[in-house]
4 protein chains.
Amino acid sequence: MIVIVMQAQATQNDVDIVTKKLVEAGLQYYLSQGEARTIIGVIGDEKSIAQLPVDVFPGVEKSIAVTESYKLVSREFRHEDTVIDVQGTKIGGRHLGIMAGPCAVESLDQLLEAASAVKRAGAQFLRGGAYKPRTSPYSFQGLEEKGLELLAEARERTGLKIVTEVLDSSAVDIVSQYADVLQIGTRNMQNFTLLKTVGKSDKPVLLKRGLAATISEWLNAAEYIMSEGNYNVILCERGIRTFETYTRNTLDLGAVAAVKSLSHLPVIVDPSHGTGHWKMVRPMARAAVAAGADGLIIEVHPNPAEALCDGNQSLTPENFSLLMDEVGAIAAITGKAIP
Amino acid sequence: MIVIVMQAQATQNDVDIVTKKLVEAGLQYYLSQGEARTIIGVIGDEKSIAQLPVDVFPGVEKSIAVTESYKLVSREFRHEDTVIDVQGTKIGGRHLGIMAGPCAVESLDQLLEAASAVKRAGAQFLRGGAYKPRTSPYSFQGLEEKGLELLAEARERTGLKIVTEVLDSSAVDIVSQYADVLQIGTRNMQNFTLLKTVGKSDKPVLLKRGLAATISEWLNAAEYIMSEGNYNVILCERGIRTFETYTRNTLDLGAVAAVKSLSHLPVIVDPSHGTGHWKMVRPMARAAVAAGADGLIIEVHPNPAEALCDGNQSLTPENFSLLMDEVGAIAAITGKAIP
Amino acid sequence: MIVIVMQAQATQNDVDIVTKKLVEAGLQYYLSQGEARTIIGVIGDEKSIAQLPVDVFPGVEKSIAVTESYKLVSREFRHEDTVIDVQGTKIGGRHLGIMAGPCAVESLDQLLEAASAVKRAGAQFLRGGAYKPRTSPYSFQGLEEKGLELLAEARERTGLKIVTEVLDSSAVDIVSQYADVLQIGTRNMQNFTLLKTVGKSDKPVLLKRGLAATISEWLNAAEYIMSEGNYNVILCERGIRTFETYTRNTLDLGAVAAVKSLSHLPVIVDPSHGTGHWKMVRPMARAAVAAGADGLIIEVHPNPAEALCDGNQSLTPENFSLLMDEVGAIAAITGKAIP
Amino acid sequence: MIVIVMQAQATQNDVDIVTKKLVEAGLQYYLSQGEARTIIGVIGDEKSIAQLPVDVFPGVEKSIAVTESYKLVSREFRHEDTVIDVQGTKIGGRHLGIMAGPCAVESLDQLLEAASAVKRAGAQFLRGGAYKPRTSPYSFQGLEEKGLELLAEARERTGLKIVTEVLDSSAVDIVSQYADVLQIGTRNMQNFTLLKTVGKSDKPVLLKRGLAATISEWLNAAEYIMSEGNYNVILCERGIRTFETYTRNTLDLGAVAAVKSLSHLPVIVDPSHGTGHWKMVRPMARAAVAAGADGLIIEVHPNPAEALCDGNQSLTPENFSLLMDEVGAIAAITGKAIP
């Protein structure tokens, strides 16, 4: 549904041409003719509406979308909160899901040390990158399949579920062999080939918000996955890009509240990338849960000073444990609990 | 303190000219000569450094500021949290300050109804605009001095302290006759004449962050006030302008955590302007306190559907009361309490 | 004129309540009832519409403004380009206005040297700050009234018209005694008291766009001035704040094209602040004129390496002269000429 | 090369620990010890520096990068402008390259009509999407391989070179069979798998700037392609995302001037996506060439009112022809010509 706003000087003939075009496209319309200008409400098949080049019709000032193009992700489609079951571990609704671990998988020792620490503190998921998207081609690009094998071994030993990133449609098969949850990173939020491919997978998908994506675009990206049949999508707010440079990104917790109203899907928060400073991770993790988030994903490293990436924003196991205590207390206030 | 980065192809002669300029300006420098390029650390009087047009010196690629120009607002200047005493009511440190009331003062009845409701729920301050900054000259501009009189009467009857906005240096005197706290709005954060004028006042100042101000510029604005002798500055995060349009602004709670580390001044949060939707005010108020804020400023109207401005983002007294319960519980976790 | 979008689950009763409220407010409405949702077009007095808190009415999802609140600045109000006559020098329409000079007035020698250089190259206006808005209170704040006197002397000797900034409503009188054009800086674009004050002045006003102001807000700021009776407003695009930090601001030349379509007022461009690097001033000055700008304001300093402010972005007289040659050639292509 | 800024209260012991870490990592350093704080310039292997988690070292306030990580794309690596030869058609240096055609390939008739029109007006390249990245899964996704066949036929008949988008690493082979230039779209600018894959191709690559990418990230993305051996990269500025919503994007022509100084690669401009309004395309195309761009990519449709996508921003052949005349005249001023 769109509204077409005619120019002040548009003639009746202009209006007639526009409405004729609408009828030809099989659409219905309602006219509102004010003194200042005429507006035309357009109703009908969304696909037909989406393809109307209304701004080139004569006398049109602009068109305004009044409904969203996503359907399956919306609260209107499904009213109750979606609870996603990852091999027996639930996230969504009353279940707060905690994902933690190092930025990158570096070695078995590093990974097991991180895994046992985060499990001890109460996390249910182990995060860790095997394929790393890096701004420069000269930065560490990850251990690749070897990293996936180490993650599987850490699952074997700790029982934690594995969350890891898949960078490209051609890697979905291999990553799916090891991961419990497929992560789509912020730079790939609108990699539509990748979205369609994980949409055909049977693994839950963690969909990070693009660093300049509107909430609407983010939900449309989730719609790509769901429209291929995979309904197990977890959204993740991880900070957006703004003019402020003190923090690595601007963590948009308002988006959490917005998503809870627009969609039934669970939404978690990444305060590590959302701030870029380990000292800010604890307060922002508390804030995220207070805002109603369904979970957290946190970078924890046994020794941040030796990390191969993102050491600046990684928590020590001790700080992560303090965070978990505070977050648990706040979750109770919002009606959630860490299982 | 700045670092001058020389171009890769800069000659020794270029470096000599630059360092000669530094010496002439009474500054010290340290050279770091790498293979790729030379950098020059510059130390000395900040004012002299600020006036160096280094980018026009020969062979200079750029200069980078490594220290901030503000002093009095910084944690380095004062290590302990500043607690501000507003006629006996404290804010900062362990004292959570709650300011609430209508966007605009409309009538005595409206104001008293709002005031008694927010007082009952636990607020210590009554907010309300007598002079309203509006995007369009055709919107309601406030009751002006009449509004100030009504605020004073509400204080008389309820004991609440009054927070109200001053729009211009010429109005500081009149507003000071009525207000307990002078509010500087987001559009005036860099109205330097106004900042200097309230800096000479003996009233505490609530300094809202500009909608596109960096944290550094915001703290420099506070420095303007403090450098005139008024040390009672309360900072207020109220959302910044980003590409996201679903919310009225993007509430930057990371800035709260940042300010707590950079400055000793109390910082409060305005989730009403920070979201623009009353339904999002409660979750974001919880999140603000969880992030470590020293207080809140919230729009409450006895009947939002009849409000002359900002009805969309105003809470009913009932919802405000629920908010206060939740916020009180979270404050306990961050070591604060509503007095 | 606004469109109210009802929620998908809104009832007929909700719609009835909303339309009853509209009638009570003296407004007309048109219903468009689609399968997915109902929308309501609202027509009538803009002031009444602006005060409707529609989002708190039952069943309302959102409201969307379809018309702008400014009137006097719009192309609909006046179809032909406004040409402003500054003491005999025209700007707007076919007349390209060139303003140039130092960031700050520093001394008579500096000012006269700059003035004679820019006049020789073809500028008609001398710019120069007597009152300087600076981020830090410890930076050079300008020569104040002494600076105004020097500007007047430069006018006396060169015949150039004077453009200089007024920072506060209380300074409009004094600045008006010396200036030919009153400049409102980017930080004061929504200093509504100042806008109203210069709106009562008989001097033309140069209104810089706020660094985070939408085009709509900028035109509304001009409306404040015009609604007080002063129709001689020159708009100035000077770069907006974005995530990009390589340039000081992001010069939004699309805004020039937009303003030419939305408004009859002349719009000029400041490539000095718009880039922050003197090397980028020439290409962006060319681009501005090619985009259809009605003029330029450029920082020129006889010796940028000695400038007290903005030396990095100041042109030498030689470079300014080259710029003028190029700009003159491009102006011919867009149907303009430097008088 | 980075600069480490120590906290004001950092001890000599903190400094010693940091410098010991630097030595262990095989790096050199220079100390600048001011009164206020110590800074440490770090020199050595960029990869080792990139992996230092300096912010978790004791007493460190922050670290600042002073050099860029890209090499092959930089002006320092190659001083002269790169001229790219696309099957005999040159772009870069004095050669202005003009790419034009419909948003999406729709049918043979539509494509041939567009192709012959743009050729007649002087374009050397035909643009047209066979695979379309769309925000919603329900929008037209392109004719896919059939579209590529039509593009090849249009080349056969007109001699125009073909520019078309490749969405995913798995599609590089098929698109390369038909295209003369592989386009990487704005959403894929940091699809690193795709960048590496086209980096191994022998086709020139048109790399659009990401809608929230800094100039530095954009050049690093080009470095990914060049580091795999493909040196034929054409950059394309197409607008960035900002708070302004009147235009579809904010066309950042300052980035063109910046890239010309930082890199030897050609950079072209897309004023169609950069504005979103066909009426703004001509002025912004002129501005782009005036700013020093090496070419343009423009959406032209034989009948914009019937276009399946982006009709609003498409030029008619007549308007495109007018644009070409103006652009040719401006190119002469910047020392370029349309071959």
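**Entry 1: strands of chain B**

I looked up strand 1 (residues 2-6) and strand 3 (residues 38-43) of chain B and found them antiparallel, joined by four bridges. I took strands as DSSP runs of E with at least two residues, and helices as runs of H or I with at least four, both numbered from the N terminus. In strand 3 of chain B, B:I40 is the residue opposite B:I4.

I note that this is a predicted model, in which local features need pLDDT of at least 70, side-chain atom pairs count only at pLDDT 80 or more, and totals for chains, interfaces and linings use all residues. Residues are numbered from 1 along each chain as its sequence is written, chains are lettered from A and ligands numbered from 1 in the order in which they are written, and side-chain values use heavy atoms, with hydrogens and water left out.

I then followed the sheet: it is open, with four strands of chain B in the order 2-3-1-4 and antiparallel pairing. Two strands pair if DSSP finds at least two bridges between them. I recorded strand 2 (28-33) and strand 4 (60-65) of chain B as the edge strands, each pairing on one side only.

**Entry 2: chain A with chain D**

I found 50 residues of chain A in contact (heavy atoms within 4.5 Å) with 50 residues of chain D. The size of an interface is often given as the accessible area lost when the parts come together. Between chain A and chain D, the buried area (accessible area lost, 1.4 Å probe, summed over both parts) is about 4,200 Å², with 47% from carbon and sulfur atoms.

I counted two salt bridges between chain A and chain D, a salt bridge being a side-chain nitrogen of Lys or Arg within 4 Å of a carboxyl oxygen of Asp or Glu. I looked up the salt bridge between the side chains of A:R241 and D:E217, at 2.7 Å from N to O. On the side of chain A that touches chain D, helix 6 (192-199), helix 7 (215-227) and helix 10 (278-290) of chain A each supply at least two residues. Helix 7 of chain A gives the most, with five residues.

**Entry 3: chain C with chain B**

I found that this contact takes 51 residues from each of chain C and chain B. The buried area between chain C and chain B is about 4,200 Å², and carbon and sulfur atoms give 47% of it. I recorded two salt bridges across this interface; the side chains of B:E217 and C:R241 meet in a salt bridge of 2.7 Å, N to O.

Technical notes: Buried area is the accessible area (1.4 Å probe) that two parts lose on being put together, summed over both.
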